[in-house]
Amino acid sequence: MTAAEEALARLGLAGDAGLPTPYVELDREQWSRLREEHPMSLTQDDLARLRGLGDRLDLREVEDVYLPLSRLLHFYVEAVHGLRLATSEFLGERPSRVPFVVGVAGSVAVGKSTTARILRELMSRWPHTPRVELVTTDGFLYPNVELERRGLLQRKGFPESYDRRSLLRFVADVKSGMPVVPAPQYSHLTYDVLPEPTEVRKPDVLIVEGLNVLQPPAARPDGGSTTALSDYFDFSVYVDAPPEHVRAWYVERFLRLRETAFADPQSYFHRYAALSDDEARATAAGIWERINEPNLVENIQPTRDRATLVLTKSHDHSVSHIRLRKL
């Protein structure tokens, strides 16, 4: 190994065959030290409200993982705002504060929704970003009747099951500073898009969470490419874990849902509430193998290297490694 390659390795910037990688790798202990004096503002009650079903999130996890990330995002928000002010001055335009957009991606059951909620809570407590909105891409799924018409009901969550044009328009409208932008909502009880949208009103920060938010642009017939949702992101997070861990978490969550959401007679999945443990495990494993695992392998996991930051989880749901894009 040459001196240059050794230097890259020490910085965590050595890739395959000695080629540089744009990421620096940090273990949890190294990352946690980067919190420095960033204040802890969440309580145990806050975590109980924000934690997703099956997530083993405690205050130590917030202190070690999410407070350093919150500090880093604070730097990004201020730096991007300064860059936009400089651009406005160069163009002779009246400066205005543009919403900072964060994308959060990852598999079903990996804990990306909890990550997004924790970030929203932390960022909303900063002095310069009190208005933080969180929107999930579930609301931009085609309604069940349309998915059934297109033969996509069993591919719900795959890229083609989303109204990508509406999702792009929504984020572009928020980013452009429109005062009110409607956002469709999704019900996990009825497993369908709700008829009435919510409203997003000029947030300081918009967090967009979903399976496929880091999809690359698609090729057009003329040789060009379409606009990707991630083109509007100022920062992106991918929540990662080995597929065998995510499969176990998915099955565990399915078992818990029998006693909670599935028990509601209005639930789309109420038929699963009476399953025995063995039947529920077999059913969950079948759904994972038919739908969620192929989507993860074919569409979601390949977008991991497009993220600004990757949080890698261990078997107990705790984050063990962090990968940050530097170049």
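Select His317, which is buried because its relative accessibility is 5%, where buried means under 20% relative accessible area, exposed over 50% and partly exposed in between, with a 1.4 Å probe and protein chains only. His317 sits in the loop between β10 (309-313) and β11 (319-325); helices (H or I, at least four residues) and strands (E, at least two) are DSSP runs, numbered from the N terminus. Although His317 is not a glycine, its phi is positive, at about 80 degrees.

This is a predicted model, in which local features need pLDDT of at least 70 and side-chain atom pairs count only at pLDDT 80 or more, while totals for chains, interfaces and linings use all residues. Residues are numbered from 1 along each chain as its sequence is written, and side-chain values use heavy atoms, with hydrogens and water left out.

Next, select Ala109 in the loop between β2 (100-106) and α5 (112-123). Ala109 also has a positive phi, near 75 degrees, in a residue other than glycine, and it is buried because its relative accessible area is 12%.

Now move to Val171 in helix α7 (residues 164-175). Is Val171 buried or exposed? Val171 counts as buried, because its relative accessibility is 0%. If you leave aside neighbours within four places in sequence, Val171 is in contact (heavy atoms within 4.5 Å) with Val101, Val208, Leu229 and Tyr232.

Then colour the largest nonpolar core, which has 84 residues, with Tyr66, Leu73, Phe170, Ile207, Val237, Phe254 and Leu309 having the most contacts inside it. Such a core is a set of buried Ala, Val, Leu, Ile, Met, Phe, Trp, Tyr and Cys residues joined through side-chain atoms within 4.5 Å. Helix α4 (residues 59-91) gives the largest share of this core, 9 residues. If you pick out Ile207, its contacts beyond four places in sequence include Val102, Ala116, Arg120 and Glu133.

Finally, colour the chain by pLDDT, the predictor's confidence in each residue, from 0 to 100. The mean pLDDT of the protein chain is 90, and 93% of its residues reach 70 or more. Select residues 1-8, where pLDDT stays under 50 and the model has 5 contacts beyond four places in sequence, and then residues 10-14, where pLDDT also stays under 50 and the model has 17 such contacts.
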